[in-house]
Amino acid sequence: MNIALLTRLWEEVVVPRMHIPDGFLSMPVALIFWVITVALLLLAIRKTQQQLGERQIPLMGVMAAFIFAAQMINFPIAGGTSGHLLGGVLAAVMLGPWAGMLVMACVIIVQGLLFQDGGLLVMGANIFNMGLVTAALGSLYHGLAARQSKGVRLVVAGVLAWLSVVAGALFTALQLGFSGTSPFAIVVPAMLGVHMLIGIGEGLITMAALAFVMQVRPDLVAAEAVRTGGGRGWVIVGLVIALFVAVLSPIASADPDGLERVAIDMGFEEVAMTPPYELFPDYVIPFLGETPLSTILAGVIGALVVALVAFAVGRLLRQRAAAA
Amino acid sequence: MMLHNALDRYHDRPSSIHDLDPRVKVVVTLLGIFSVLLLPDGAWGAYFLVWCAVLAVALVARLGVGLVLRRSLVALPFALVAITLVFTLPGRTLFTLQLGAWEISASDAGLVRFSSVLVRSWLSVQMAILLVATTRIPDLLHALRHLHVPALLVTILAFMVRYLAVLLDEVTRLLRARQARSAASAQGKAGGSLLWRARVAGNMTGQLFLRSLERSDRIYNAMVARGFRGQYVTINPHRMRRRDWMALGLAFAALTMIQWLGRTLS
Amino acid sequence: MPIVHEPVARCVDGWGRPAPDTLALEVEDLHFAYPDGHVALRGVSLQVHCGEKVALVGPNGAGKSTLLLHLNGLLNGGQGSVRVMGMPVTTPNLPFIRARVGLVFQNPDDQLFSPTVYEDVAFGPLHMGLPEEEVRRRVVQALTQVGMAHYADRLSYHLSMGEKKRVAIATVLSMHPDILVLDEPSAGLDPRARRGLINLLRTLPITMLASTHDMLMVRELFPRMVIMDEGRIVADGPTAELLEQTELLEAHGLERL
Ligand SMILES: Nc1ncnc2c1ncn2[C@@H]1O[C@H](COP(=O)(O)OP(=O)(O)OP(=O)(O)O)[C@@H](O)[C@H]1O
Ligand SMILES: [Mg+2]
């Protein structure tokens, strides 16, 4: 394989995204999320058709291509890593949550089907994490900020974009944990830690893109212009997800064994075919003892290690690409 | 142009696999991935059989083993997520690493589970690659429609794929224009502050959004001008032939057998 | 060089009856302002007879594209009226009008929205509600007409600009229109593709109205020329005569050849 391509793949596919490949989620987890996603997707198709009418097909198609293409736009952050757009919140802010979800679903379907970027059986989960969660959070923009001043709107959009990446990462981590692919104690803090950083890029690009559109075509983002706001249902779902992230992230980081127990109680461990994990020697920093702080710190260290490995591999690939 | 080439996963070869009804290929691929996922951990024999089947299909399709293998590495980096299993599952200790204050030990059970996750994922990716390398995108979309994926979704996907090529070209031009104007970034040092760089990327994104929006309006006009009134109609070009049914039956039998072997042998 | 044209095959009114003297297009005092308030047409009147080939020229922003979009009802709502083959362009008539007026957009990427060439050329006839056999026949016929018969299964995004233009024309020819309306057909083509396109347009036996900045093509292909500027028609007459009037041309940003 061409090294430059590999570098690009590494930078664009692996580091910033959370497209789960096939094989990493257990059957029940994969199926549950397919069911949820299919139901919502059917609804999204119907709703966007009601809202957009005949324009639905070309608009949704081109917008999905837009998000896909926009994910290629990167900007250097520091030390060879770069910021990227996932685009879910941007899509939901510009087009409304139903259309945003549909657009993101199309992006993920095409990435999985044509580019093997994310699996097929796990596609339901991927759409949920990157389409549904992001659209729900994006709807908070319409619910809370659409009528505020420009500055407030921008900040809210940026924060939601950041939160959408973190939330997507949390759900990804939970799915991996429930599938027995990775212990909660490691995957939750690691995914959260890495994506709290990656999310900053998302927030910044989303804000800048929105600011650009506000300046050039204020009519498009005026409160009245977004006819496709999703209504109260979406806002509630968005709030629940935001709350879920806010509450669960610390808990999950502090008490991953609790999640492990939940997984066992719900019968997931049979499918995962493994008894309760005996974690990293209890996954604590020795001198801090077994406190939540210790576990969180351990998580952060885990995240740093992952980031370091990512960085090193990326560096190596780039050097070899330069040499080639 | 690299982005453009990336769209062309299809490899045109005269082969009986290429010639199969796309529905059969889609269904067999999904069944294959499904059945690989159902195989228990450490069913190495069964994994090997699946791999042989994948290679056989690649050979019959004249794709060359190399192509499939090379592309299948895409998902491997995700393995990072699962590698922790090696050190966290209880089992017979294989070796121990001293990492500062931590002592972590690899268990046999962990290694088996980790390798199984990896191999299953790798096999699944190869099957998906075979599908897109032997099926043209329009045929793939037809197959989805025949398989009762909602017609509206399939049509939207078709539009997306069609304009992906156009928009990827547009993005490439934007990125190149930015590169041409930022001499400093060529040395690996990026010019301007972080916020400024994010702003530039955001402006590009916003611009691409507006252009896309206008494009979708023009496309809509072009559709309406040719009589579109909300119902998208297409010609249905595929019919299942005897050999398609046979291929489907054969694949199903093979997968069932592998599944049975995998469960009895391990 | 004399302009030679194939005879026009069909000249029928909006209801399909033969009518050699029908006005193919009849625009009367047409006004139009875009939603943002920009006035693009300020009283345009124009008549095109069956079988005529007319060029529409004028500087950027003159309103040419805006006028063309009115011809099959994509834009409407201003003062004035448009008739196609004697039939007024009104909402109930739109399905008929759209089959009569084949509108070829400037950018073929906007026009070729289907995955394959075949599906794109079939789109028009399919949406006219024709039976599948007839659709297939028309697709082959239209592709042959533009010299792209063996491109049927190709993916649209793989085509060159010249090929895309040809297919774009085929997508409306398959609807058997009475009038071909082209927006800047030769823009963006290299000399050979442009030559091929001119030859193609010359051989098509159909009424034609084309907006363009390509004065060489106008001289070669269109016996009649209409000059637009600032939303008005400022001159209308035989191409050979208008091309002699240096002052008129220069006043409207055109160059004498
Ligand atoms: N969607 C739109 N909204 C607002 N104004 C528009 C829109 N489209 C065109 N205009 C304006 O209407 C006027 C006429 O535009 P039109 O596209 O018809 O010109 P044209 O003669 O086709 O020019 P060109 O030679 O550049 O194609 C221009 O001033 C243009 O800026
Ligand atoms: Mg124009």
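Predicted model: local features only at pLDDT ≥ 70, side-chain atom pairs only at ≥ 80, totals over all residues.
**Salt bridges**

I began with Asp139(B) and Arg136(B), whose side chains form a salt bridge at 3.9 Å, N to O. I take a salt bridge as a side-chain nitrogen of Lys or Arg within 4 Å of a carboxyl oxygen of Asp or Glu. Residues are numbered from 1 along each chain as its sequence is written, chains are lettered from A and ligands numbered from 1 in the order in which they are written, and side-chain values use heavy atoms, with hydrogens and water left out.

Searching the whole structure, I get 27 salt bridges over all chains.

I looked next at Arg162(B) and Asp109(C), which meet in a salt bridge of 2.8 Å, N to O. This pair crosses between chains, from helix 9 (residues 151-181) of chain B to helix 3 (residues 108-111) of chain C. Helices here are DSSP runs of H or I with at least four residues, strands are runs of E with at least two, and both are numbered from the N terminus. Arg162(B) counts as buried at 2% relative accessibility, and Asp109(C) counts as buried at 13%. The cut-offs are under 20% relative accessible area for buried, over 50% for exposed, and partly exposed in between (1.4 Å probe, protein chains only).

I also noted a network of salt bridges that links Glu170(B), Arg211(B), Arg215(B) and Arg218(B) with Asp110(C).

**Thr135(B)**

I located Thr135(B) in the loop between helix 7 (108-134) and helix 8 (137-146) of chain B. Thr135(B) is buried, with a relative accessible area of 2%. Its side chain makes a polar contact of 3.4 Å with the side chain of Lys25(B). I count a polar contact as a pair of N or O atoms within 3.5 Å; within protein, one must be able to donate a hydrogen and the other to accept it, and residues adjacent in sequence count only if both atoms are side-chain atoms. A polar side-chain atom of Thr135(B) also lies 2.7 Å from the backbone oxygen of Leu131(B).

**Ligand 1**

I listed 14 residues around ligand 1, the closest being Asn60(C), Gly61(C), Lys64(C), Ser65(C) and Thr66(C). A residue is listed if one of its heavy atoms lies within 4 Å of the ligand. Helix 1 (residues 64-71) of chain C gives the most to this shell, with 3 residues.

I then checked individual distances to oxygen atoms of ligand 1. A polar backbone atom of Gly61(C) is at 2.8 Å, one of Gly63(C) is at 3.0 Å, and a polar side-chain atom of Glu184(C) is at 3.1 Å. On its own, ligand 1 has 630 Å² of accessible area, of which the protein covers 66%. I use areas from the Shrake-Rupley method with a 1.4 Å probe; for residues, only the protein chains shown count as cover.

**Met72(A)**

Last, I placed Met72(A) in the loop between helix 3 (56-70) and strand 1 (75-78) of chain A. Met72(A) is buried, with a relative accessible area of 10%. Met72(A) and His84(A) are 12 residues apart in sequence, and I have them 7.4 Å apart in space, C-alpha to C-alpha.
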